[in-house]
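Hi,

Here is the structure I said I would pass on. Have a look first, and then read on for what turned up in it.

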Amino acid sequence: MKKKNVYFVQVDVSASASSQNAYLPYTAGILVASAFTSEAVRENCSFKEFIFLREDPDTVTERLEEPAFVGFSCYCWSTQYNKLLASKIKEKYPSCLIVFGGHDVPDDPQFLEENPFIDVLCHGEGEETVRSLLENYVTDTGFSSVCNISYRDGSGNIIRTKSRPQTCLDYPSPYLEGWFDGILASHPEITFNAILETSRGCPNQCAYCDWGPLKTRTRLFPMDRIKAEIRWMCEHKIAFVWGADANFGIYDRDLEIADELVKAKKETGYPERMRMNYAKNRADNVFAIVKKFKECEFDRIGATLSFQSMSEEVQKNIGRSNLDLDFYKELLLSYKKEGMRTYSELILGLPGETYESFIAGIAKLFEIGQHFVFEIYNCILLPNSLMGQKAYQEKHGIKTVNVEIIRAHFNDTSFSVPEYNNIIVETDTMSREMWVRASVFGHLAKAFHGNGLIRIFSLYLRYAMDIPFDRFYDEAITYLENNPQLFTSGLYMKIKEKAEKLSRGIQNEKLLFEPTGGIVWEDHEYFVLNSLSDTDRFYDDMMPFLKFFGIADDIFSDILTYQRAVLRKPFESETEIRLSYDIHSFVSDIYLNNMHGLEKRDNTLILKDSKPHNNWQDFSKFVIWYERIGWASYKDDIKEKKEG
């Protein structure tokens, strides 16, 4: 009997057909590896191919050999591509079973009704479901006994089968079982990245996330499997590894896994880099892991100290609680003393947030010492999260828009098949107008403070004159609004207009910086690059605003001199300045939570950039993008010149 041809599709978020880097399709791989443990599947099915690059759907369809079963792994960056490819396959091969699963597949019959070319939806974890589905398919026994799926019966009715929590993790590894050997052999031109999954599940129930609502306890993959996968990644020269765990560091054994990764890197050079989602409630373990990774330059991002919101009302609405801010303040200090990096995350658009609470939350980040790198994400409405449910949205007055995903840091920034995020732009506590201002505040806070354009002024005003951070940066927005003729105001208006369009669901505008050609930059990066290209004009523009706060003239002059000199720029490796106040020590001690008065003392500083760049292309890539500029925005070798 002729075997049925099986294909699985998991297209990489950024890899086109001509890409030099791509992820191995781990999700599809573990589904296939699990399914083919079944004797019935092995005897009746022939696995043909993983489709993992965003190739032209027509090209892919023509390449398929009489497909009988095609499974699609869906996330927000692949769902529209999957729909188009699936529709073309169904048109050419009407009897082919089209199966969709993954985070972007809702547990809602409407999804099947809207997409008649899809035959089956898989809900939740897929290993057992796909194996059972294929077994029933090849034995022609129907799908009613397969748990966690939705499908059409013979009369066209949509059936949702009973749910069954999946508790085991006794699945074969697609790496170790050789399922990716064909990809590696046929694509020697690609440098591959990989996913490492050491545990599955999340104990938290955050309303915006779809991990917790799966309602499965956190389960651990066997340690011998994990170590073997790490060795496999070394042998196959995997460049970058993304940790799929929700809370790496929550278990003590994660320290042993970190040691195994560090050992592999030191002995083989691979993986070159690693990125983890760290646990928020095991600061001791996370600190130890990040320290291990720092010693071999494994993780350039560092520890995630995430808050999502500083508002107690918001935390109550989303089912989350943050640790005491004093604890975080001391923790940040510990990282700084060890020369280790941290960054924090906030989410814009959460229910219960106001404009005032949002900007106050950013100010609190600065107060606890997070001055350098912080990310502000638009709240994406995930279909399988608590927030994705209609009752929750009605309760909090949530309104959303569907906006196209534009990838920063590339020339080819649009997907050939557009993909979309459904983002929250209005709640019953934040109007759309205030969402726009909050969005702009976040971008400018990153440019002015995180990226350091006027951070020195804000630190002096806060700790010498008691001007709150949120007031300072909010008034900067008002100043730029009221002076539209300025060059800097033009940059601000670009960001504001983009946010206004976004709030109405209008296509994202691509922000370009001319010296880097067609590379698209994130909003704050665009603002910083243009400001650094003409710092004289930038500081001339901002001078009336900075003088408004009444800093004494001699102190103001020193702050401005230091602020301009400390900024890292291309074509400038060393600067010497003379000051009448010890600005450098004042600021450096603030970073270490040692606040004191500004000392009047003549001093000469030599400020050096240890890794200078003499062109905008390298500077923008290695400083603005790779270093998220917050860690690298200032010259890093600053010494006082000894007179005589």
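Before the counts, a word on terms: helices (H or I, at least four residues) and strands (E, at least two) are DSSP runs, numbered from the N terminus. Counted that way, the protein chain has 23 helices and 23 strands. Do keep in mind that this is a predicted model.

Now the overall build. For 644 residues, a compact globule would have a radius of gyration near 26 Å, and the protein chain agrees with that at 27 Å. Along the principal axes, its C-alpha atoms fill a box of roughly 90 × 55 × 45 Å. Of the 644 residues, 58% count as buried. If you take contacts between residues at least 6 apart in sequence, 75% of them join residues at least 24 apart.

One helix I went through is α9, residues 253–268. Its 16 residues reach 23 Å from the first C-alpha to the last, close to the 22 Å expected at 1.5 Å a residue. Which of its residues are buried? They are R253, D254, I257, A258, E260, L261, V262, A264 and K265. The cover over these buried residues of α9 includes the strands β9 (191–196), β11 (219–220) and β13 (273–275), along with the helices α8 (223–235) and α10. After α9 comes G269, with a positive phi near 85°.

Helix α10 (283–295) turns up again in the second largest pocket, as one of the elements that give two or more residues to the lining; the others are α21 (553–566), α22 (583–591) and β23 (637–640). The volume of this pocket is about 1500 Å³. It is lined by 41 residues, and R341, E627, W631, A632 and D636 are the closest to its centre. Helix α22 supplies the largest share of that lining, four residues. By type, the lining of the second largest pocket has 16 nonpolar, 11 polar and 14 charged residues.

How many cavities of 30 Å³ or more does a search of the whole structure find? It finds three, and the largest cavity holds about 80 Å³ of space. Its lining is made up of A279, K280, A283, V286, T304, L305, S306, F327, Y328, L331 and Y335. Here α10 and α12 (325–337) are the elements that give two or more residues, and α12 gives the most, with four. The lining of the largest cavity divides into eight nonpolar residues, two polar and one charged.

Over to you, and happy browsing!

Terms used: Residues numbered from 1 in each chain as written. Predicted model: local features only at pLDDT ≥ 70, side-chain atom pairs only at ≥ 80, totals over all residues. Heavy atoms only, no water. 1 Å grid on protein atoms, 1.4 Å probe; cavity = no way out; pocket = protein on both sides within 12 Å on 5 of 7 lines; lining within 4 Å. Points joined across faces, edges and corners; volume = space filled by probe spheres on them. Nonpolar A, V, L, I, M, F, W, Y, C, P; charged D, E, K, R; others polar. Expected span 1.5 Å × (residues − 1). Buried < 20%, exposed > 50% of the residue type's maximum accessible area, 1.4 Å probe, protein only. Contact = heavy atoms within 4.5 Å. Rg over C-alpha atoms; globule rule 2.2 N^0.38 Å.
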